[in-house]
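Here's a quick walk through a structure, going from domains to the chain contact to one helix pair. Have the viewer open as you read.

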Amino acid sequence: MDTLIAWILRAIPFGTIIMYGALGETLTQKSGNLNLGVPGIMYLGGFAGFASAYLYENTAANPSAFVTVVLALCCAFAASVIGGMIYSFLTITLRANQNVTGLALTTFGMGVANFFGVYILDGRTATQTMIYKTFQTKIPGLSAMGVPGQLIFGYGFMVYAAIVLAVILHIFLTRTRTGLNLRAVGENPATADASGINVTRYKYAATCIGAGISGLGGLYYVLDYNQGIWATTGQIEALGWLAVALVIFTTWKPLSAIWGSYLFGILYWLYQFLPTLMGFSVPGYVTDLIQMVPYVVTIAVLIITSLRKKRENQPPASLGLAYFREER
Amino acid sequence: MEYAIELRHITKTFGRVVANHNVSLAVRQGEILSLLGENGSGKTTLMNMISGIYYPDSGEIFVKGKPAEIRSPKDAYALGIGMVHQHFKLIDVFTAVENIALVLDKHEKYDLKAIKARARAICDKYAFDIDLDQKVYEMSVSQKQTLEIVKMLYRGAEILILDEPTAVLTPQETDKLFAVLRNMRADGKSIIIITHKLHEVLSISDRVSILRKGEYAGTVDTDMATEASLTELMVGKKVELNIERPEPVNRHLRLSVHNLSVTNAEGVRVLNNISFEAFSGEILGIAGISGNGQKELLEAIAGLQNVDPDSSVVYFPDDDRDSTAEQLIGKTPKSIRDMGVHLSFVPEDRLGMGLVGSMSMVDNMMLKSYGNGHSIFADRKAPRHLAEEIKESLGVVTPSINTPVSRLSGGNVQKVLVGREIADAPSVLMTAYAVRGLDINTSYTIYHLLNEQKQKGVAIIYVGEDLDVLVDLCDRILVLCDGHNNGIVDGRTTTKEELGLLMTALQENKGGAAR
């Protein structure tokens, strides 16, 4: 029982990281842009959030927790939006190939974050901020109410923010005119254009805001999940790819991202908890194999949705394609 | 008199190709104007400028007497202009109502129920027949078109442009569409309809404006017009209406198809025990209502289609019937080629199966010749030569042989494709809807090319839809009906009526009694 609880307590924060990544990417892909730069963007967001908090705490005479949190959120969002803008400019304005641009952005984001990370680390192996405590603050009172309280209320505020964001995104995409227009852009930009929708503006906005949301996943990883420690590692990259896989797994539905991300979290930690739970041990080299399970599940979903051929579960029809009005 | 919309001296060019040159025309309120012209005469381009897809290089547009600046489809909507494109601008995964909601003004409340109610009212007013909750991907072509028109009317379109609306409709659906258009005209809407079909022009429109090679050729009242007078205005010179049909020479068996059956992925038998023979120096027509197995028949012969067991297609290289006959079934196009069988195929889907749209004429020529020679580098000289030759001899209108073929008009694309296929000196030439969407002059060029090949001793299989052409061009005509060989008739003695009957009514002894 304890193992199970520990498993869930591990899976939900893990899921939250990729939920942010996936929600942002869903928004982006709904506009027809396949941004494979999610890992890079999460790096940018994570680093910008960390660095701003770290520098503020180390320079201000009397740093306030509230200001630090807002600053970190804003900086993470802004840095990720810049990543999204680079991608948008290249793919929408210059009509560069989306896959190549996305992969380049991943490399770029990783490089920038790690380069300035070395500067911040300044010879140390890891650096810590103070505000991780604010990020990790559990809901007072409720989280102390036994196991259910711990399981439901025992996380930092960004876990709940992610759920709220998923619901908002769902309502936005299905119930609002702007959401309808955005989906139209991703399905058939020529039609959207002929309907008087500004395709370029929608693509830019969705991609940049989507990148901003994805970047929050990086912020959450560094300042909560990783307890405010910056260390130059490749961990965020793996999480970024998982986020992209999650978008496919959820068949582009934000609401499914809530349970989907937690499921991914459970599957990801399968290697540590399942053997304990079942009472057998697994050699180290097998754990990497087990960590692949989320990807395997994603492939299974792809196969199933492809076989069922339900149009609603297919990716946006023009995903990955640049739009040029006068092309015939 | 005030016009609903008036164009003055409009010019638009793409690269070095002039799509419209100094075009002026006007539409009155409450009238149906037909816009007539050959393929590539600039009709669609002109209409795209009214609907804001393109912007004219020079010239002015007046809407209700006031100068209008139409820079985007949004501007067009604001001026009450709506266009139904040939390729529908609909989102497949959306319902009809959602598609209508897409075009709404920002300040109108987003309430799908209210939108549906208003759309229903419009449908009732003009007698449109459509389910507003249906997803577009579940709709038939005619329903999609209806939705497009409802969409435009919902947005308050006063001027409606229809780009070849009847091309995709059955005669019954066309009648329904025309009835709706007449209702709209009675309601004071102005309608511009682009079409090739002269009898439709005469039956639906009040006036006809004609474009010729991108230039305005005149406007006539429909009452005063006849098919002959319109054709003359359209082509600019008298077109020889008789297609020549030389007598077959050196006729011998080339292709023997026996018991050919094809079952498609859905388990439907689309071809049923088709048997026929094709002879060299002869054009064998294949008639039938579209979708009765023509595509599968040609693809089966070309090695592109899986066929049922016991199907047989035997190829005879020369008069000697038995010695070198080759079975083509079960072989890929490449192995058929390697056997020395020159089978040329001009498919229906020109830019999908026939040519690669984003590649130039030269590269498209190379698609057939890249395997020639022994060098590790492909020979580019020969295809370049061939491309030049085709451009010259067939009069392909293109800025250069290095321009992607998708930028050419439909007729020019077809010239490139047919030119390439006959350059190969085929022994069997199969064409599917070779003249579909082509203007009269280009069509004649194609007929002429086919006759040339025929006289060279090629066995030609010509899948066509225009019965007049089939009767005039072909030596024998096989009629497909519901995947059956419904009879083979002599092109010289048959009548359109006979063909029409064979196409629509399945005979008892299907299997081709008449050889």
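## Domains of chain B

Into which domains is chain B divided? Domain 1 covers 5–235, domain 2 is made of 247–342 + 426–515, and domain 3 takes 353–424. Keep in mind that this is a predicted model.

As for spacing, the centres of domain 1 of chain B and domain 2 of chain B, taken over C-alpha atoms, sit 38 Å apart.

## Where chain A meets chain B

Now for the two chains: 19 residues of chain A are in contact with 19 residues of chain B. The largest share comes from α8(A), with five residues.

What does that side of chain A look like by class? It has eight charged, six polar and five nonpolar residues.

## A helix pair in chain A

Over in chain A, α1 (residues 2–30) packs with α12 (residues 254–268) at an angle of about 135°, and their axes are 7 Å apart. The crossing of α1(A) past α12(A) is right-handed.

Which residues do the touching? From α1(A), they include A:W7, A:F14, A:I18 and A:L23, while α12(A) brings A:I258, A:Y262, A:F264 and A:I266, among others. By class, the contact of α1(A) with α12(A) has 15 nonpolar and five polar residues, with no charged ones.

Terms used: Residues numbered from 1 in each chain as written. Chains lettered and ligands numbered in written order. Predicted model: local features only at pLDDT ≥ 70, side-chain atom pairs only at ≥ 80, totals over all residues. Domains from an automatic or database assignment. Contact = placed C-beta atoms within 7 Å. Helix = DSSP H or I, 4+ residues; strand = E, 2+ residues; numbered from the N terminus. Nonpolar A, V, L, I, M, F, W, Y, C, P; charged D, E, K, R; others polar. Axes fitted to C-alpha atoms, helices over the stretch in contact; angles between N-to-C directions. Left-handed = near helix turned anticlockwise from the far one by under 90°.
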